Amino acid sequence: GEVGRAEGGAAPGLGMEAAEVRRALGQLVEESMVELRVGRGDARRYRLHDLIRLFGANKMAQAEGGRAARQRWTRSLVLYYTGWLARINERGRFDDTSGSLELFDAERSNVEYALAQATDDQFPALLCSGRNLLRHRVDHGTRRSLLLKALQLIDEEEEDAPAPAATAAPVSPPRAAAAGLLLPSRAGSGVAEALPPRRLLPLLLIDLAYALSNASRFEEGTRAYACALRHAAGL
């Protein structure tokens with residue numbers, strides 16, 4: 001993977017100040033452990049050589065507590081890109097679409113890695129955070145698959161949640177009522193990362209409606225959009 005000089009000089013998953021990271025990267029470049037790539041303007045990206053990355057991954061897997069450390073790092077990375085995508089996504093909606101897309105393109109391999117590594121409880125929020133950017137950069141079929149996966153994960157999470165107490169206020173209908181229209185396998189059944197899963201549903205369903213309609217699946221797209229409106233209204 002590659003590491004870029006992300007917005008704000010952040011160091012995803014490392015818990016280090018940007019200046020510390022720059023010094024460490026400079027030393028690694030001098031020792032030929034990391035490759036420096038200079039892009040447009042003063043943009044700099046650092047790439048870890050494949051053999052070194054594999055060696056490090058194997059060493060971590062063999063070390064005591066290595067698996068748990070890798071899981072913590074991966075979760076931290078996914079959380080970072082969830083927040084990063086949300087900021088870039090919001091900027092690109094109104095003011096700087098081309099600039100946001102350029103930033104996304106530079107980080108695309110890392111975003112794809114985060115999507116692949118996200119745990120079930122992280123995946124829907126990560127996908128939702130970059131939904132407008134993904135409309136521009138991901139084909140309709142792939143977006144549809146990612147969105148259906150997110151909806152199914154939310155569906156399963158809510159099914160596993162404890163039933164509300166008898167005295168609790170009424171809740172909106174199960175999400176499966178909407179997902180059943182779109183997921184054949186389950187028929188009949190601030191920043192995005194801060195939102196409870198149910199709050200993500202209208203956003204995910206609207207994007208699914210876009211993806212279906214862009215693929216000329218207009219009837220399914222209309223149904224997805226109607227489901228989004230019902231969930232947004234709490235009906």
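## The nonpolar core

In this predicted model, the largest nonpolar core holds 39 residues. A nonpolar core here is a set of buried Ala, Val, Leu, Ile, Met, Phe, Trp, Tyr and Cys residues joined through side-chain atoms within 4.5 Å. Buried stands for under 20% relative accessible area, exposed for over 50%, and partly exposed for what lies in between, with a 1.4 Å probe and protein chains only. The residues with the most contacts inside this core are Y81, F123, L126, L127 and L204.

At least two core residues come from each of α3 (66-94), α4 (97-117), α5 (123-129), α6 (131-137), α7 (140-160), α9 (197-214) and α10 (218-233). The helices (H or I, at least four residues) and strands (E, at least two) are DSSP runs, numbered from the N terminus.

## Y81 and its aromatic partners

What does Y81 touch, leaving out residues up to four places away in sequence? Its partners are E107, N110, V111, A114 and L126, where a contact means heavy atoms within 4.5 Å.

A pair of aromatic rings is described by the distance of the centres and the angle of the planes. Rings of Phe, Tyr and Trp (its six-membered ring) pair if their centres lie within 6.5 Å; planes under 30 degrees apart are called stacked, over 60 edge-to-face, and the rest tilted. The count by this rule is 2 aromatic pairs. One joins Y80 and Y81 edge-to-face, at 4.9 Å centre to centre and with 85 degrees between the planes. Y81 and W84 make an edge-to-face pair as well, at 5.9 Å and 75 degrees. Y81 and W84 are separated by about one helical turn because they are 3 residues apart in helix α3. Y80 and Y81 are both buried, and W84 is buried too. Together, Y80, Y81 and W84 form one aromatic cluster.

## A lysine over a ring

F123, one of the core residues with the most contacts, has a charged neighbour: K149 lies over its face, at 4.2 Å from the ring centre. The rule for such a placement asks for NZ of Lys or CZ of Arg within 6 Å of the ring centre and within 35 degrees of the ring normal.

## Overall layout

How many helices and strands does the protein have? There are 10 helices and 3 strands, and along the sequence they follow the pattern β-α-β-β-α-α-α-α-α-α-α-α-α. Of the 235 residues, 34% are buried. Residues are numbered from 1 along each chain as its sequence is written.

Helix α1 (residues 18-30) has 13 residues and reaches 18 Å from its first C-alpha to its last. That is close to the 18 Å expected at 1.5 Å a residue, the expected span being 1.5 Å times one less than the number of residues.

Two serines have a positive phi. S32 follows α1 and sits in the loop between α1 and β2 (34-38), with phi near 60 degrees. S32 is exposed, with a relative accessible area of 53%. S216, in the loop between α9 and α10, has a phi of about 65 degrees. S216 counts as exposed at 53% relative accessibility.

In helix α10 we find L229, which is partly exposed at 47% relative accessibility.

## Confidence

The protein averages a pLDDT of 76, and 73% of the residues score at least 70; pLDDT is the predictor's confidence in each residue, from 0 to 100. Among the elements, α5 has the highest mean pLDDT (92) and helix α8 (residues 176-179) the lowest (35). Residues 5-10 have pLDDT below 50, and this stretch has 10 contacts beyond near neighbours in sequence. Over residues 166-194 the pLDDT stays under 50, and the model has 55 contacts for them beyond four places in sequence.

For this predicted model, local features need pLDDT of at least 70, side-chain atom pairs count only at pLDDT 80 or more, and totals for chains, interfaces and linings use all residues, while side-chain values use heavy atoms, with hydrogens and water left out.
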